Amino acid sequence: MLSEREKMSYHKIYARKCPICGSEFETFNPKVLYDSHHCARKARKGGK
């Protein structure tokens, strides 16, 4: 989760849900799909 200071920045915050583990997370980058490198690696390997 982002801190209150980060939430007050001028960047847009995107709320996402990880398709691998199902956890909700916030990010500044609109291209981010996974909440961690572990989930991204699982997605690349094709595992759920």
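User: Before we start, how are residues numbered, and what pLDDT do local features need?

Analyst: Residues count from 1 along each chain as its sequence is written, and side-chain values use heavy atoms, with hydrogens and water left out. This is a predicted model, where totals for chains, interfaces and linings use all residues, side-chain atom pairs count only at pLDDT 80 or more, and local features need pLDDT of at least 70.

User: What pattern does the protein chain follow along the sequence?

Analyst: The chain has two helices and two strands. Those are DSSP runs numbered from the N terminus, with helices being H or I of at least four residues and strands being E of at least two. Read in sequence order, the pattern is α-β-β-α.

User: What does the C-alpha trace span along its principal axes, and what share of the residues is buried?

Analyst: The trace of the protein chain spans about 35 × 15 × 15 Å. For burial, the cut-offs are under 20% relative accessible area for buried, over 50% for exposed, and partly exposed in between (1.4 Å probe, protein chains only). Of the 48 residues in the chain, the buried ones make up 15%.

User: In which sense do β1 and β2 pair, and over how many bridges?

Analyst: Strands pair if DSSP finds at least two bridges between them. β1 covers residues 14-17 and pairs with β2. Tyr14 has Thr27 as its bridge partner in β2, and Lys17 stands opposite Glu24. The pairing is antiparallel, over four bridges.

User: Which residue in the hairpin turn has a positive phi?

Analyst: β1 and β2 form a hairpin with six residues between them. The residue you want sits in the loop between those strands and, at 34% relative accessibility, counts as partly exposed. Its phi is about 85°, and the residue is Gly22.

User: Along β2, which side chains point to the buried face?

Analyst: The side chains of β2 (residues 24-27) alternate between two faces.

User: Why does Phe25 count as buried, and which residues does it touch?

Analyst: Phe25 counts as buried because its relative accessibility is 12%. Its C-alpha is separated by 5.9 Å from that of Ala15, 10 residues apart along the chain. Taking contact as heavy atoms within 4.5 Å, and not counting residues up to four places away in sequence, Phe25 touches Tyr14, Ala15, Arg16, Lys17, Cys18, Val32, Leu33, Tyr34 and Asp35.

User: Is Lys17 buried or exposed?

Analyst: Lys17 is in strand β1. Leaving out residues up to four places away in sequence, Lys17 touches Gly22, Ser23, Glu24, Phe25 and Leu33. Its relative accessibility is 55%, so Lys17 counts as exposed.

User: How far apart in space are Lys17 and Ser3, C-alpha to C-alpha?

Analyst: Ser3 is in the segment before α1 (4-7) and counts as partly exposed at 35% relative accessibility. Lys17 and Ser3 are 14 residues apart in sequence. In space, the C-alpha separation is 18 Å.

User: How far apart are the mean positions of the positive and negative charges?

Analyst: Lys and Arg count as positive and Asp and Glu as negative, while His and the chain ends are not counted. Each charge is placed at NZ of Lys, CZ of Arg, CG of Asp or CD of Glu. With 11 positive and 5 negative charges, the mean positions are apart by 11 Å.
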